[in-house]
Amino acid sequence: QSSSQSSGTTTSTTTPSYTYTTTSYSSPNYTYNPSTTTYTPTTNTYTYTPGVTTTYTTTPAGRLFQNVIFDGVGGSWSSGAVVMSVAGTLTMNNGTLNIGTASNGSLTVTGTTTVNGGVLNISSNIGTGTATFAGAITVNGGQLNLANGTTVAGTGTVTAAAINVNGGLCVVSNSAAAGTLTMSGILTINGGTFRMTTTTGAGTVTSSNNLVQTSGTFTKTGAAVASFIFTATLGQTRNWSQGPTFTMSGVTTFSVAGLLTTLRLASDVNIGNATVNVNSGYFFDAQNFVMSGIAGSVFRVYNGGRFTTQNVGGVALAPAATGSIQTATRFFGGSVIWTFNGSAPQVTGTAFPGSVDAFTLNNAAGLTLNVNMRVQNGITLTSGNLILGNYNLTLQAGINIGGGANSASRMIIT
C-alpha cells in the first residue's frame with residue numbers, strides 16, 4: 001500500500017490495520033474490494049481524517065481494527081448495523097462517531113478509549129447502540145453520549161471499566177432514549193461534567209466500584225429518572241469521596257445493591273438536592289465524615305438496613321447542622337441495625353429512632369442516649385459504657401446483652 005493525502009481526502013494508506021468480513025470497504029477516495037473475505041494489513045493504526053460523512057449500511061459482518069484515531073473535522077462516521085471491534089485503542093479528536101443509527105450497532109474496545117474532542121455517540125437517531133469498553137475511558141474534552149437516540153427506541157447500553165472525566169462532557173442519556181451504564185472500575189471526576197440525564201430519557205449507572213469526585217460537576221437535568229446504584233458481591237465495601245471544589249446538582253437517586261454491600265464515606269460528601277436510599281440488607285458507614293445537602297436533599301435508611309457512625313453527635317434531626325447526616329430530610333426506620341464506633345464520647349443524637357432492630361457499641365469513650373431506646377433483637381457492648389442519663393432502655397423479652405462480661409469499662413449506666 002502507498003500513502004497520500006490532499007484537499008482533506010484520504011487515499012490508500014500504509015496506516016490502517018483492521019480485519020473485516022464484508023465484500024468491500026469504502027472511505028473517501030479509497031475503496032478496497034477484496035478477492036477474499038478477510039484483509040489484514042500489517043501496520044497498527046487506522047486514522048480517519050476527512051471532513052465528510054461516511055456511513056456503513058451493510059448487514060452486521062464484523063470489522064476489527066487494531067487502533068483507531070478519529071480526527072474527522074466537520075464530518076461523521078456511522079457504523080450502521082455492524083459490529084465494530086477495536087483490538088487496541090480508540091482516540092476521538094474531532095468529528096462525530098455514531099455506533100447505532102437507523103438500526104442496531106455495537107462497539108467493542110479492548111484497549112483504552114480517549115475522548116479529546118468531537119462527539120462519540122453509542123446510540124444515535126432511532127438506532128440502538130451497545131458498547132463494551134474493556135479498558136479505561138478518559139474524557140478530556142468533547143462529548144461522550146451513551147444514549148443519544150432521537151426516540152425512546154434509540155437506547156444505549158454500555159459496559160465499561162474505569163471512567164475518568166477530566167474535561168468535556170460524559171452523558172448517560174442525552175436524549176429521549178434511556179442510557180444504561182454498568183461499571184467495574186472507579187468513576188473519577190476530576191473536571192468537566194458527568195451528566196446522568198439531559199431531557200426525558202432515563203439514565204442508570206450500576207457501579208461495582210468507588211465514586212471519586214475531586215472537582216468538576218456531577219449533574220442531572222430534564223424530567224427523566226436518574227439512578228446511581230452501588231453494588232458488590234457478598235460483604236464488599238464501596239467508597240464515596242469528594243474534593244472541596246466539586247459541584248453536584250439535579251435529583252439523582254443513589255442506592256446500594258448486592259447482599260451485605262456497604263456504602264462508606266471516604267470524605268465529607270455533599271449530595272446537592274439528590275436522594276440516598278439504604279434499603280434492607282445493605283449497609284451505610286459514615287465513618288467520621290458528614291453527608292450534607294441543600295433544600296430537597298434526602299437520606300433514608302429503611303428497616304433491615306445498617307447504619308454505622310463515629311460522629312460525636314450521632315444523628316440529629318433536621319435542620320440541625322450536626323451529626324453524620326445533614327441533609328434536608330433524614331429518615332431512619334424503626335428496625336435499623338445501629339453501630340456506634342467512634343473514639344471520642346458520642347451521643348445518639350435527636351434523630352435516633354426510639355426503636356431499633358439491633359444495637360452495637362464499640363467505643364471505649366462511651367455513648368450517651370439522647371432519646372429513649374427500645375431494642376428488638378440484640379444489643380452488643382463490645383467496648384465502652386452505654387449511659388442512659390434521663391432516658392430509658394427497653395429490651396425485648398429474651399434478649400441477652402452480648403460482648404462479654406460486664407466491667408467498669410463495659411456496662412450500662414443509669
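**Loop geometry, nonpolar core and surface of the predicted chain**

Proline 319 is located in the loop that connects β38 (306-309) with β39 (325-326). In this predicted model, the peptide bond leading from alanine 318 into proline 319 adopts the cis form, with omega near 5 degrees.

At the level of the whole chain, the secondary structure consists of 49 strands and zero helices. The chain has 414 residues, of which 54% are classed as buried. Its accessible surface amounts to about 15,600 Å², and carbon and sulfur atoms contribute 53% of that area. Among contacts with a sequence separation of 6 or more, 51% are made between residues 24 or more positions apart.

The largest nonpolar core contains 80 residues. Within this core, the members that touch the most others are Phe194, Trp240, Phe307, Phe359 and Leu386. In soluble globular proteins, nonpolar side chains tend to be buried together. When residues up to four places away in sequence are set aside, phenylalanine 194 touches Val165, Cys170, Val172, Leu181, Leu187, Ile189, Val205, Thr217, Phe218 and Thr219.

One of these neighbours, threonine 219, belongs to strand β27, which spans residues 217-219. Threonine 219 is classed as buried because its relative accessible area, 9%, falls under 20%. The side chain of threonine 219 also forms a polar contact of 2.8 Å with the side chain of serine 249. With residues up to four places away again excluded, threonine 219 touches Thr193, Phe194, Arg195, Met196 and Ser249.

The loop between β27 and β28 holds alanine 223. This residue has a relative accessible area of 74% and is therefore exposed, the threshold being over 50%. The C-alpha atom of alanine 223 lies 8.3 Å from that of glycine 201, and the two residues are 22 positions apart along the chain.

A nonpolar patch occurs on the surface, formed by Leu234, Leu259 and Leu260, which together present about 300 Å² of accessible area. Leucine 234 sits in the loop between β28 (226-231) and β29 (237-242). Its relative accessibility is 59%, so leucine 234 is classed as exposed. Another member of the patch, leucine 260, occupies the loop between β31 (252-257) and β32 (262-265). Leucine 260 is classed as partly exposed because its relative accessibility, 33%, lies between the limits of 20% and 50%.

Glutamine 287 is placed in the loop between β35 (283-285) and β36 (291-292). With a relative accessibility of 22%, glutamine 287 counts as partly exposed.

Terms used. Residues are numbered from 1 along each chain as its sequence is written. This is a predicted model: local features need pLDDT of at least 70, side-chain atom pairs count only at pLDDT 80 or more; totals for chains, interfaces and linings use all residues. Side-chain values use heavy atoms; hydrogens and water are left out. Patches are made of residues with over 30% relative accessible area and no salt bridge: like charges are joined within 9 Å, nonpolar side chains (Val, Leu, Ile, Met, Phe, Trp, Tyr) within 5 Å. Accessible areas come from the Shrake-Rupley method with a 1.4 Å probe; for residues, only the protein chains shown count as cover. A salt bridge is a side-chain nitrogen of Lys or Arg within 4 Å of a carboxyl oxygen of Asp or Glu. Helices (H or I, at least four residues) and strands (E, at least two) are DSSP runs, numbered from the N terminus. Buried means under 20% relative accessible area, exposed over 50%, partly exposed in between (1.4 Å probe, protein chains only). A nonpolar core is a set of buried Ala, Val, Leu, Ile, Met, Phe, Trp, Tyr and Cys residues joined through side-chain atoms within 4.5 Å. Contact means heavy atoms within 4.5 Å. A polar contact is a pair of N or O atoms within 3.5 Å; within protein, one must be able to donate a hydrogen and the other to accept it, and residues adjacent in sequence count only if both atoms are side-chain atoms.
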